[in-house]
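Good morning, and thank you for coming. I would ask everyone to look at the chain on the screen while I go through it region by region.

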Amino acid sequence: DVSPVVAGLIGATVLVVSVSVTVFVWTCCHQQAEKKHKTPPYKFIHMLKGISIYPETLSNKKKINRIRRDKNGIPKETGRGNLLVDAAESGLIGSDKAPDGPNAAPHVDQLPIKVDYGDELSPDQSLTPGGSKTSSPSSPGDDVMLGELTFSVDYNFPKKALVVTIQEAHGLPVMDEHTQSSDPYIKMTILPDKRHRVKTRVLRKTLDPVFDETFTFYGIPYSQLQDLVLHFLVLSFDRFSRDDVIGEVMVPLAGVDPSTGKVQLTREILKRNIQKCISRGELQVSLSYQPVAQRMTVVVLKARHLPKMDITGLSDPYVKVNVYYGRKRIAKKKTHVKKCTLNPVFNESFIYDIPVDLLPDISIEFLVIDFDRTTKNEVVGRLILGAHSITAGGVEHWREVCENPRKPVAKWHSLSEY
């Protein structure tokens with residue numbers, strides 16, 4: 001026999017547990033149904049056909065093997081036994097050997113720098129989407145045909161998604177003199193917001209790559225298509241330096257109507273025009289060279305008018321400083337992150353030991369990067385001073401530094417797209 005009080009308590013407990021379980025099950029089912037019908041904004045799905053061969057998946061062993069053998073399989077001298085100091089922390093140190101002849105470039109085995117080819121990363125690997133150089137000794141000239149790019153554009157109305165398929169390219173120029181071929185891949189960006197950035201896999205040793213890769217971008221209303229521009233950047237991957245830029249294709253969607261179905265297009269690849277790049281803000285830097293101590297002092301002063309990179313309308317910028325000897329990165333440093341600002345003040349200096357006779361082959365690269373805790377850091381803009389400077393202001397700044405030793409020379413420079 002159970003007393004009425006105990007029976008009541010047991011009944012109430014069973015009722016509360018039953019109601020709680022029912023509410024929990026209903027909530028889970030409701031959330032699952034919402035996720036199934038909800039379209040995530042600003043998200044892309046990459047459908048890849050074929051084998052994925054990205055630069056990041058290359059092992060150190062493969063990198064070392066490539067520099068030790070030429071295209072005929074014959075081993076060649078790498079010069080690693082004569083490299084002296086760890087440039088990742090110390091930069092360059094003095095050299096008591098000068099190049100032979102007045103115009104001769106220093107050889108790799110004469111370079112007083114320790115470069116670990118197995119660990120060296122291109123800017124594309126060390127940063128986010130993006131890294132490449134805009135000109136190099138092997139870059140094609142104006143009179144060279146850069147080939148054609150074939151792609152298709154479609155729109156998925158039920159999902160409000162833009163679908164772009166990069167199909168193939170034909171007639172690309174030779175960017176690797178050893179193999180007489182190229183290792184092409186393509187970076188695609190949707191302008192002007194640049195919220196969508198994707199890239200294809202790298203295809204080895206071909207001038208007629210067939211990518212056949214589809215990118216689906218959600219959260220793009222059909223009414224906004226007329227304001228968008230597809231930007232395709234065609235590059236050739238290089239294991240040991242920055243990737244070569246072959247050319248670019250700009251396709252305004254104002255002249256494309258995918259409402260009736262997939263639209264296939266073929267466009268000529270044009271040489272990249274740096275002057276057409278959208279302004280990415282300005283950076284002020286100061287350089288001074290001490291010829292007696294053979295030391296270069298680099299000061300990152302401030303930046304202004306940086307683009308908005310966060311949902312709050314601000315950015316969390318910092319500056320990464322890379323020093324190159326020829327096309328080899330030999331030192332890297334970075335400033336502190338400045339939170340929630342489009343006009344940061346850094347005032348941070350870096351010192352590098354650089355012999356006088358190596359100055360003509362030195363380049364200093366400044367990358368302004370937006371820091372993000374949840375996603376990959378994104379490059380805001382880029383500036384190069386020195387041997388590979390691509391702007392008149394950069395060339396003039398470097399000339400003043402070399403002609404006025406011991407004098408700090410500070411200048412503002414417009415940042416270019418990375």
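In which loop does Lys205 lie? Lys205 lies in the loop between S5 and S6. Before I continue, please keep in mind that this is a predicted model. Lys205 has a positive phi of about 50 degrees, although this residue is not a glycine.

Lys160 is another non-glycine residue with a positive phi of about 50 degrees. Lys160 belongs to the loop between strand S2 (148-156) and S3. With a relative accessible area of 52%, Lys160 is exposed.

The unreviewed UniProt entry carries the annotation "transmembrane region" for residues 6-29. In the model, that span is 100% helix and 0% strand, and its end C-alpha atoms lie 35 Å apart. Phe24 is found in helix H1, which covers residues 4-37. Is Phe24 buried or exposed? Phe24 is exposed, because its relative accessible area of 57% is above the 50% cut-off. Together with Val17, Val21 and Val25, Phe24 forms a nonpolar patch on the surface, and the four share about 380 Å² of accessible area.

The next topic is salt bridges. How many salt bridges are counted in the model? The count comes to 11 salt bridges. One of them joins the side chains of Asp183 and Arg204, at 3.8 Å from N to O. Asp183 sits in the loop between strand S3 (161-170) and strand S4 (184-191), and Arg204 in the loop between strand S5 (197-199) and strand S6 (210-218), so this pair ties together parts that are 21 residues apart in sequence. The two partners can also be described by their accessibility. Asp183 is buried, with a relative accessible area of 7%, whereas Arg204 is partly exposed, at 26%.

A further salt bridge is formed by the side chains of Arg382 and Glu365, at 2.9 Å from N to O. This pair links distant parts of the chain, with Arg382 in strand S16 (residues 378-386) and Glu365 in strand S15 (residues 362-370), 17 residues apart. Both Arg382 and Glu365 are buried.

There is also a network of salt bridges, in which Asp238, Asp244 and Arg327 are linked.

Let me move to helix H5. Glu403 and Arg399 form a salt bridge, and their closest N and O atoms are 2.5 Å apart. How are these two residues placed in the helix, which covers residues 392-403? Glu403 and Arg399 are four residues apart in helix H5, so about one helical turn separates them. Glu403 is exposed, with a relative accessible area of 51%, while Arg399 is partly exposed, at 35%. Arg399 has another partner in Glu396: a polar contact of 2.3 Å joins their side chains. Glu396 is likewise found in helix H5, and at 30% relative accessibility Glu396 counts as partly exposed. The C-alpha atom of Glu396 is 9.2 Å from that of Leu385, a residue 11 positions apart along the chain.

Another polar contact involves Glu248, whose side chain meets the side chain of His231 at 2.8 Å. Glu248 is placed in strand S8 (residues 244-252). With a relative accessible area of 11%, Glu248 is buried, because the cut-off for that class is under 20%.

Pro307 provides a case of two positions separated along the chain. Pro307 lies in the loop between strand S11 (295-304) and strand S12 (317-325), and at 18% relative accessibility Pro307 counts as buried. Which distance separates the C-alpha atoms of Pro307 and Val380, 73 residues apart along the chain? The separation is 7.4 Å.

Finally, I come to the cysteines. A disulfide is a covalent bond between the sulfur atoms of two cysteines. How many disulfides are counted here? The count comes to zero disulfides. Regarding accessibility, Cys340 counts as exposed at 52%, and Cys402 counts as partly exposed at 38%.

That concludes my presentation, and I welcome the discussion.

Technical notes. Residues numbered from 1 in each chain as written. Predicted model: local features only at pLDDT ≥ 70, side-chain atom pairs only at ≥ 80, totals over all residues. Heavy atoms only, no water. Patch = residues over 30% accessible without salt bridge, like charges linked within 9 Å, V, L, I, M, F, W, Y side chains within 5 Å. Areas by Shrake-Rupley, 256 points an atom, 1.4 Å probe, with all protein chains shown as cover. Buried < 20%, exposed > 50% of the residue type's maximum accessible area, 1.4 Å probe, protein only. Polar contact = N/O pair within 3.5 Å; in protein donor to acceptor, adjacent residues only side chain to side chain. UniProt positions renumbered as here; feature names shortened; annotations may be inferred. Disulfide = S-S within 2.5 Å.
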